[in-house]
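Trainee: I'd like to go through this one with you. Can you put it up on the screen?
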Amino acid sequence: MQRNQLMNMIYVFESGLVTKRRIKIIKVVGVSFQAFRFTRQAKRTFTINNVLVVVPVLHKEREVI
């Protein structure tokens with residue numbers, strides 16, 4: 001994971017809820033990282049151990065109308 005890199009992430013919460021998110025990594029600190037979450041338009045902190053999959057976005061999808 002690199003700073004300012006656009007990523008797709010699958011994340012599992014302590015409750016077991018699994019979500020897919022598009023994020024931009026801001027910084028990694030110890031066992032967590034801070035990222036900008038596009039859906040909420042806000043910074044969020046995530047625990048690295050709760051990340052199931054993270055892959056870089058190589059091409060932005062275009063909207064099909």
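Trainee: Which residue in E4 is the bridge partner of glutamine 34?
Mentor: Threonine 45 is the bridge partner of glutamine 34. Keep in mind that this is a predicted model.

Trainee: How many bridges are there between E3 and E4, and in what sense do they pair?
Mentor: There are six bridges, and E3 and E4 pair in the antiparallel sense.

Trainee: What sits between those two strands in the hairpin?
Mentor: Four residues lie between E3 and E4 in that hairpin, and glutamine 41 there takes a positive phi near 55°.

Trainee: Is glutamine 41 buried or exposed?
Mentor: Glutamine 41 has a relative accessible area of 54%, so it counts as exposed. The cut-off for exposed is over 50%.

Trainee: How do E1 and E2 pair, parallel or antiparallel?
Mentor: E1 and E2 are antiparallel, with seven bridges. One of the pairs is asparagine 8 with arginine 22 in E2. The hairpin of E1 and E2 has five residues between the strands, and glycine 16 in the turn shows a positive phi of about 100°.

Trainee: And what about E2 and E3?
Mentor: E2 and E3 pair in the antiparallel sense too, over six bridges. Valine 28 has phenylalanine 33 of E3 as its bridge partner. Two residues separate the strands in the hairpin of E2 and E3, where glycine 30 has a positive phi near 60°.

Trainee: New topic. Which residues make up the largest nonpolar core?
Mentor: Nine residues do: Met7, Met9, Tyr11, Ile23, Ile25, Phe33, Ala35, Phe46 and Val51. Strands E1, E2 and E3 each give two or more residues to this core.

Trainee: Which strand gives the most?
Mentor: E1 gives the most to the core, three residues.

Trainee: What does methionine 9 touch, leaving out residues up to four places away in sequence?
Mentor: Methionine 9 touches Thr19, Lys20, Arg21, Ile23, Phe33, Phe46, Val51, Val53 and Val54.

Trainee: How much of the chain is buried?
Mentor: Of the 65 residues, 26% count as buried. The accessible surface is about 5,100 Å², and carbon and sulfur atoms hold 52% of that.

Trainee: Where is valine 18, and why is it not simply called exposed?
Mentor: Valine 18 is in strand E2. Its relative accessible area is 46%, so valine 18 is partly exposed. Exposed would need over 50%.

Trainee: Last one. What share of the contacts joins residues at least 24 apart in sequence?
Mentor: Among contacts between residues at least 6 apart in sequence, that share is 34%.

Technical notes. Residues are numbered from 1 along each chain as its sequence is written. This is a predicted model: local features need pLDDT of at least 70, side-chain atom pairs count only at pLDDT 80 or more; totals for chains, interfaces and linings use all residues. Side-chain values use heavy atoms; hydrogens and water are left out. A nonpolar core is a set of buried Ala, Val, Leu, Ile, Met, Phe, Trp, Tyr and Cys residues joined through side-chain atoms within 4.5 Å. Buried means under 20% relative accessible area, exposed over 50%, partly exposed in between (1.4 Å probe, protein chains only). Contact means heavy atoms within 4.5 Å. Accessible areas come from the Shrake-Rupley method with a 1.4 Å probe; for residues, only the protein chains shown count as cover. Two strands pair if DSSP finds at least two bridges between them.
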